[in-house]
Amino acid sequence: LDDDTVLALSRYGLRLEEYCQAPQDVEWAVDRQGKLYFLQSRPLGLVQGKPEPEALPRDFPDHPVLLSGGQVASPGIAVGRIHLAAGDQSRPLPEDAILVARTASPDHARLMGKIKGIITDIGSVTSHLASVAREFGVPALFDTGQATTRLSEGEPISLVADRGAVYQGIIPELAAAAKPMKRHLFDSPLRRRMRAFLDKVAPLNLTDPQTPSFAPSGCQTVHDVIRFAHEKVVKEMFGLSEEGVEGVVSVKLTTDIPLVLHLIDLGGGLRPGLTTCDEVTRDHLESLPMRALWKGFCHPGITWTGSVAVDAGNFMQLMARGVMTGPENLPGGDSYAILSREYVNLSAKFGYHFANLDAFLSDIPDENHISLQFAGGAGTYYGKSLRLNFLGNVLFMLNFKIKVTGDLLEASLTGLDRRSMESALDQVGRLLACSRLLDMAIANEAEMTRMIEAFFAGDYDFLNQSQEIRIPGFYTHTGNWKRVKEEGRVLLLQDGSEYGSSITAGMANFMGKMMGARYQELLDNIEAYFHFPLAIAKDSEVADAAIKAQVKPVAGSIDQAGGLACGIRNINNYFVLRINALEGNVMLFEYVNNKRLTRATVQHEIKKDQWYLIAVEIKGNTLKGYLDGALLLEYTAERPLTGFVGLWTKADSVTYFDKLTIEERGKKRVIAF
């Protein structure tokens, strides 16, 4: 909207309020010529702070306050039992139900007239649900922040919305003061006319897209037309990556995950100023939902390597699809994303399953939504069913609404604030990434349950679950990491002694003596011995922070190295400050899509069997590296150094680590081994 239209809305809004003698709920539209039209104006019904009866007490000794605060969306008193909206929706609605919901979703308006009151974690007093609650005289308390976590299913309570208070139990004094709900005139002339109109608009007859009647000729109401158009549009978007779009200008995202992704920017989705010569990476993403989703895809706990054991049944499934390679190489095809600053529609192929995600994020919770469709797979029908159950259960626990039809899962989430929606998209990204090939990996329901628990514990490597998680609290995708005790301390050991053959180690010893540091340089140039065990600490994502650890290299023919990793985006993109006793130096490396780049080198004597304190200070794009308290180097990166923290070694190094410590915003914590 231009400034003139905004000012006109403000002026007319004040005039309508003055004329109607009350704040108004106004609907308006602007045509293509910029002319402003007002479609409706009705009393907003905001709470004006009416005084409570003086005889009504505020404290009830036998009934403690369970919840306080929030905004009064509709005044009044309600007594009844908690009915959680996030629970099983097939449950019957009790006669004395007080609805407790995560958001003030318009979907809850259908329950009006059947419930005694409403309490939400998030919601605006100007929302549609709030307006309907005031019209029906249903007490409503919104934006409490913690109702769904503080109140339990079936618990008897007394709600005084005007006070923003929820008391434990049924309080007789409050029950006597509660007013009955307003009764609407169900046989008024206006309602009869509206009923006749709505009969041509509201009923939905096209409910099953698989039936022959799901066609233009089957549309009997406006709702049918909208449903038919929506279904066809969604199918077109869902098949976008399968059919391709001729004439659409797109760019290919350069990434280190097995996803060939083309981006179509509608405006604000990518960093401005890009040209056809630029290599587009995740750093160029400006789309809020796409950045949140991609963060989940690239979480350090996710590994895109690994495979599953293929039994006879799975083998026949793969052969039927013409797959002649291992399951780790299942073809996927190109994927597409249409994006803007606040919006993304992603049609993605992961192997033989497909995902379509549509999301909008803004600072207005009522406008925010995430819609996800998931289908397909290479496994048996039973395996695909188990994976859909796994996905559905995880999404349900993330507060999504779930619908499963055959091998298609549909999930939606609406009405949360921007930060909560970004967090949900992050989780969805992790879920989609870790669930690839699970239709061939999940053996039974017990294993599915274990995977659900593992997901919420932050363990996502389901394809390698046969390997024992050696180090709780760490992601250790590579290497031989062990917890060891030494003089009463628990240390972390990376034992690379089994890396490489004895002949290789002997050759390394011989060439090292003959050529010295030049041999190490040669090995780096030809990328020999590029084996980099990395242990990433869970829940260690930091921005501006000081990180330190004690490191002791003790053995290794190829390398005797150990280091501190920071700014970890995923297992292929991070920085590491390391020492090496064989080379006698301290080096700063950056890994970009698994390619190691030297950023700084300082010659410094490093002795094996000796402890060294390695420390890194990061602030914005700047990194300072310390050894035993002395500043050795400083480097300014091209990107912010926000990321996870971890420990690093190389090749056949045998290295001990102790006292991994993070200091951030004045708080210090030691990561336990």
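The dialogue below takes up a helix, a surface patch and a sheet.

Reply: Please keep in mind that this is a predicted model.

Me: How many residues does helix 1 have, and which of them are buried?

Reply: Helix 1 has 18 residues, and from its first C-alpha to its last it reaches 26 Å, close to the 26 Å expected at 1.5 Å a residue. Its buried residues are Thr-5, Ala-8 and Leu-9. They lie on the same side of helix 1, because they cover an arc of only 105° around the axis.

Me: Which exposed residues does the face turned away from the buried side carry?

Reply: That face of helix 1 carries Asp-3, Arg-11, Leu-14 and Glu-18.

Me: Which residues make the nonpolar surface patch?

Reply: The patch, of about 550 Å², is made by Leu-1, Val-6, Tyr-12, Trp-28, Val-30 and Phe-38. Helix 1 (3–20) and strand 1 (24–30) are the elements that give two or more residues to it. Phe-38 has its place in strand 2 (residues 36–43).

Me: How do strands of a sheet pair?

Reply: Strands of a sheet pair through backbone hydrogen bonds, either parallel or antiparallel. Here, an open sheet of 7 strands has antiparallel pairing and the order 19-22-31-24-25-26-27. Its edge strands, strand 19 (474–475) and strand 27 (595–603), each pair on one side only.

Me: How many bridges join strand 22 to strand 31?

Reply: Strand 22 (residues 534–537) and strand 31 (residues 644–648) run antiparallel and are joined by 3 bridges. Opposite Ala-535 stands Leu-647 in strand 31.

How values were computed:
Residues numbered from 1 in each chain as written. Predicted model: local features only at pLDDT ≥ 70, side-chain atom pairs only at ≥ 80, totals over all residues. Heavy atoms only, no water. Pairing = 2+ DSSP bridges. Helix = DSSP H or I, 4+ residues; strand = E, 2+ residues; numbered from the N terminus. Patch = residues over 30% accessible without salt bridge, like charges linked within 9 Å, V, L, I, M, F, W, Y side chains within 5 Å. Areas by Shrake-Rupley, 256 points an atom, 1.4 Å probe, with all protein chains shown as cover. Salt bridge = Lys/Arg side-chain N within 4 Å of Asp/Glu carboxyl O. Expected span 1.5 Å × (residues − 1). Buried < 20%, exposed > 50% of the residue type's maximum accessible area, 1.4 Å probe, protein only. Arc of directions from axis to C-beta.
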